Amino acid sequence: MGSLACFVFLLCASLGAANGVYGRVGAAAAESRRLQLHTDGSRGAAHAWPGYLYTRAVGRCTPQFWSSGAEAWPNIAPQEAAVAKVFGSRSVERYGPRLTLLEATMRTDDVGGSAFVKLVKHGSAALLNAYTRRGFPFDSWEVKALLLEALVSEEAAAVQAERFEQANESCV
């Protein structure tokens with residue numbers, strides 16, 4: 001009789017679990033595991049770490065987009081073109097004769113670094129956008145002239161780099 005009672009208990013326990021007798025525990029656990037979006041933009045429970053690093057979105061006009069190879073570059077400004085050839089001889093002093101447009105858009109040392117690095121990175125993307133994006137706020141000749149004018153000082157470079165960055169990030 002003891003083995004029959006044990007068998008019946010196991011059978012009832014497994015049927016009960018299958019029929020959702022223990023469902024309240026599962027639902028409460030699922031509710032507590034549900035991701036929540038907080039006002040600061042983080043996800044997860046209030047006490048949990050988000051589990052990922054925040055990165056900037058890569059729009060269709062950013063330097064990251066152009067360096068990714070997701071879209072063909074315009075023939076007038078190929079990837080291997082030297083910054084000095086595209087923007088003019090005044091840029092050689094700052095960037096050297098060998099820096100290419102692709103290398104300029106791929107740079108990662110612009111965050112917290114020199115304003116001139118940020119200028120060439122976002123200026124190169126702005127030039128590509130001027131050639132390829134209808135309605136971009138700068139013409140190609142303007143991008144070239146503004147970049148060269150901004151080479152006079154670190155402050156001028158920072159201001160113009162910020163303008164190029166805003167135009168690149170707001171472009172569609």
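Let me start with a term: a residue is called buried when its relative accessible area is under 20%, exposed when that area is over 50%, and partly exposed in between, using a 1.4 Å probe and protein chains only. What we have here is a predicted model, in which local features need a pLDDT of at least 70 and side-chain atom pairs count only at pLDDT 80 or more, while totals for chains, interfaces and linings use all residues. Residues are numbered from 1 along each chain as its sequence is written, and side-chain values use heavy atoms, with hydrogens and water left out.

On confidence, pLDDT, the predictor's score for each residue from 0 to 100, averages 77 over the protein chain, with 66% of the residues at 70 or above. Over residues 4-49 the pLDDT stays under 50, and it also stays under 50 over residues 51-57. Where pLDDT is low, the predicted coordinates should not be read in detail.

Now to the cysteines, where a search of the whole structure finds one disulfide, meaning a pair of cysteine sulfur atoms within 2.5 Å. The partners are Cys61 and Cys171, with their sulfur atoms 2.0 Å apart. Cys61 sits in the loop between helix 2 and helix 3, and Cys171 in the segment after helix 9, so the pair ties together parts that are 110 residues apart in sequence; helices here are DSSP runs of H or I with at least four residues, numbered from the N terminus. Both Cys61 and Cys171 are buried.

Finally, Val159 belongs to helix 9 and is partly exposed, at a relative accessible area of 39%. The C-alpha atom of Val159 is 8.6 Å from that of Ala115, although 44 residues separate the two along the chain.

Key:
Contact = heavy atoms within 4.5 Å. Helix = DSSP H or I, 4+ residues; strand = E, 2+ residues; numbered from the N terminus.
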